[in-house]
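Work through these exercises with the structure open. Try each task before reading its solution.

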Amino acid sequence: MPNLLEQLFHDLLQRYRFLSSELADIPSSIPEVVTYRNLIKERVDRSVSIIESLIDDPCLAEPSLARNNYHAYKRLAEYAQVVDEGPVTAMSRFQNRDLFLTRLVSAMCGEFSFPHRGPLCSAITTQYYCTILPLDLLLVPHSDPDHLLGLPDIYHELAHLLRDKAFLAQLRTRSQAFFDDEIARAQRDAWPSSSVDALKRYRMKWFETWLIEFGCDLLATYVCGPAFGWTNTRLCARLSSSFYEISNTHPADAARTIAIRLMLQCQGHFVPAHKIDQQWQELHDTAAQTEPQEFRLAFPVALLEAIVAEVVSYCQSAGIKAYDPKTMPIARLLNEAWEQFLASPASFRIWEETRISELKSTLLPV
Amino acid sequence: MSDISALSHDYEATSQFAEKVNTAVLNLKKKLSGLQQQPDLETLAGIVEAVQNQLTDSTPSAAVPSEVVVRLRAEHQRQIGYLVDDLNSAQEALRGKSPVDQNVIRILDAICDAADASASAVFRRLRRR
């Protein structure tokens with residue numbers, strides 16, 4: 001009987017070969033899908049070659065190497081699962097609404113000079129808007145390609161795809177220096193050790209995850225303008241359990257809202273920033289939430305302002321364009337949608353359906 | 001807004017680290033077993049040094065995913081000083097100052113195990129299992 005690792009790799013090889021054949025069978029009538037399919041198939045076929053050479057390696061059964069070969073197996077197995085659940089599922093069920101979304105996102109990317117390949121998009125997720133990072137796949141809920149008010153969140157997801165290590169390092173340096181100073185000051189002023197420890201925890205959370213989310217929000221606000229602020233408030237109203245909750249993956253919604261307002265003000269959108277702020281206050285009062293004491297410790301306004309400045313500077317250096325209604329028809333439409341909705345929520349759907357229909361006839365010519 | 005995009009970042013960083021350290025250790029072991037491999041000892045020494053730095057300094061760093069460091073710390077909580085010493089010795093051996101022996105392999109295996117467990121944990125979190 002072959003040893004365990006050999007069995008596992010043979011099983012995985014069969015899974016990869018199946019995925020490769022599924023990808024080969026995907027109809028090649030849509031250029032966007034073909035380009036993406038070829039990219040993923042190339043990676044899958046590369047994994048097939050790696051597994052074949054591992055199976056052929058006489059060292060596979062060598063006891064001193066078994067654990068490392070097992071670890072290699074796990075990474076390959078995870079990748080197969082990601083490809084299966086993401087690209088293969090999306091492409092094998094690709095519909096007109098997915099193509100519309102993909103082309104809409106591609107047009108958005110063109111408008112602001114997105115410095116990365118446009119993703120394949122699919123309206124097939126139960127997890128709100130999300131990005132499957134190593135595979136450049138953007139997923140949105142089924143209904144969203146037919147509605148305009150949530151689409152600004154696409155800009156946030158596009159920012160996730162950037163993964164510019166130098167930019168992230170720049171943001172991290174900024175937040176780290178800020179908290180290092182705060183910690184030194186707290187120690188000098190003999191703060192209680194629990195408060196100093198809290199500062200150290202926040203420094204770590206900013207470094208690990210919060211900066212990425214703030215960076216994505218701020219880039220989205222920079223390129224989409226006020227519409228992203230309105231969408232953020234709506235999303236908080238829908239999904240937030242507490243506006244001040246500190247999670248491992250996301251900063252508090254209230255802090256994100258402040259950061260978005262700062263970016264809008266920085267870009268000169270003073271009137272909409274003020275209106276969004278008023279709506280936020282109304283939501284805050286309606287939900288009867290209270291700001292906890294440590295909130296300002298975790299999310300100092302001075303640091304948020306510094307991060308806004310870093311994002312603006314990065315966008316300018318990377319050639320990413322700021323929101324301009326004259327040259328960005330899709331971003332302008334999303335802003336107009338919010339203006340229409342706020343002026344007349346009851347009749348908005350009629351206006352929205354007409355705009356969606358016009359967009360579809362432009363992006364999906366018969 | 002979804003946790004998926006944030007966790008995708010985590011998974012990418014952790015799995016890439018796990019793959020990098022595992023491949024380097026595998027090549028080193030093959031070399032020690034007399035098989036034809038050219039191990040990248042400098043890369044390994046750099047990883048060991050980064051782990052050591054992150055264990056001894058609470059300042060965040062992107063060189064090693066924090067979950068890997070947390071796992072190593074949890075597994076060696078009572079002997080963290082010995083772990084740091086072992087990491088230092090391993091680093092010196094990988095830089096040619098002493099022989100690469102079984103003690104070095106043991107410490108490299110510990111890093112591989114922590115990296116593998118971290119990548120698997122983030123992957124499971126992505127699936128909410």
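**Exercise 1. Domains of chain A**

Which domains does the domain assignment of chain A give?

Solution. The model is a predicted one. Step one: read off the bounds. Domain 1 covers 4-94, domain 2 covers 97-146 and domain 3 covers 164-323. The C-alpha centres of domain 1 and domain 2 of chain A are 24 Å apart. Step three: count the residues at their contact. Domain 1 of chain A puts in 11 residues, and domain 2 of chain A puts in 9.

**Exercise 2. The domain 1 side**

Find the elements that give two or more residues to the side of domain 1 of chain A that touches domain 2 of chain A.

Solution. Two helices of chain A qualify: H2 (31-56) and H3 (63-92). H3(A) gives the most, with 5 residues. Now sort this side of domain 1 by class. It holds 7 nonpolar, 2 polar and 2 charged residues.

**Exercise 3. A helix pair in chain A**

Decide how H8(A) and H9(A) are oriented to each other.

Solution. Start with the axes. Helix H8 (residues 226-239) and helix H9 (residues 253-266) of chain A have axes that come within 10 Å and cross at roughly 165 degrees. Apply the cut-off: angles over 145 degrees count as roughly antiparallel. H8(A) and H9(A) are therefore roughly antiparallel. Next, the hand: H8(A) passes H9(A) in a left-handed crossing. Then list the contact residues. H8(A) supplies A:Pro226, A:Phe228, A:Gly229, A:Asn232 and A:Cys236. H9(A) supplies A:Asp253, A:Arg256, A:Thr257, A:Ile260, A:Arg261 and A:Leu264. By class, the contact of H8(A) with H9(A) has 5 nonpolar, 3 polar and 3 charged residues.

**Exercise 4. Chain B on its own**

Solution. First, the fold elements. Chain B has 5 helices and 0 strands. Their order from the N terminus is α-α-α-α-α. Chain B has a radius of gyration of 15 Å, close to the 14 Å that the globule rule gives for 129 residues, so chain B is as compact as a globular protein of that length. Its C-alpha atoms fill a box of roughly 50 × 35 × 20 Å along the principal axes.

**Exercise 5. Where the chains meet**

How many residues does the contact take from chain B and from chain A?

Solution. The contact takes 30 residues from chain B and 35 residues from chain A. On the chain B side, H1 (3-32) and H5 (102-126) each supply at least two residues. H1(B) has the largest share, 16 residues. By class, the chain B side divides into 13 nonpolar, 10 polar and 7 charged residues.

Notes:
Residues are numbered from 1 along each chain as its sequence is written. Chains are lettered from A and ligands numbered from 1 in the order in which they are written. This is a predicted model: local features need pLDDT of at least 70, side-chain atom pairs count only at pLDDT 80 or more; totals for chains, interfaces and linings use all residues. Two residues are in contact if their C-beta atoms, placed from the backbone, lie within 7 Å. Helices (H or I, at least four residues) and strands (E, at least two) are DSSP runs, numbered from the N terminus. Ala, Val, Leu, Ile, Met, Phe, Trp, Tyr, Cys and Pro count as nonpolar, Asp, Glu, Lys and Arg as charged, and the others, Gly among them, as polar. Axes are lines fitted to C-alpha atoms, for helices over the stretch in contact, and angles run from 0 to 180 degrees between N-to-C directions. Angles under 35 degrees count as roughly parallel, over 145 as roughly antiparallel, 65 to 115 as roughly perpendicular and the rest as oblique. A crossing is left-handed if the near helix is turned anticlockwise from the far one by less than a right angle, and right-handed if clockwise. Domain bounds come from an automatic or database domain assignment. The radius of gyration is taken over C-alpha atoms; the globule rule is 2.2 Å times the number of residues to the power 0.38.
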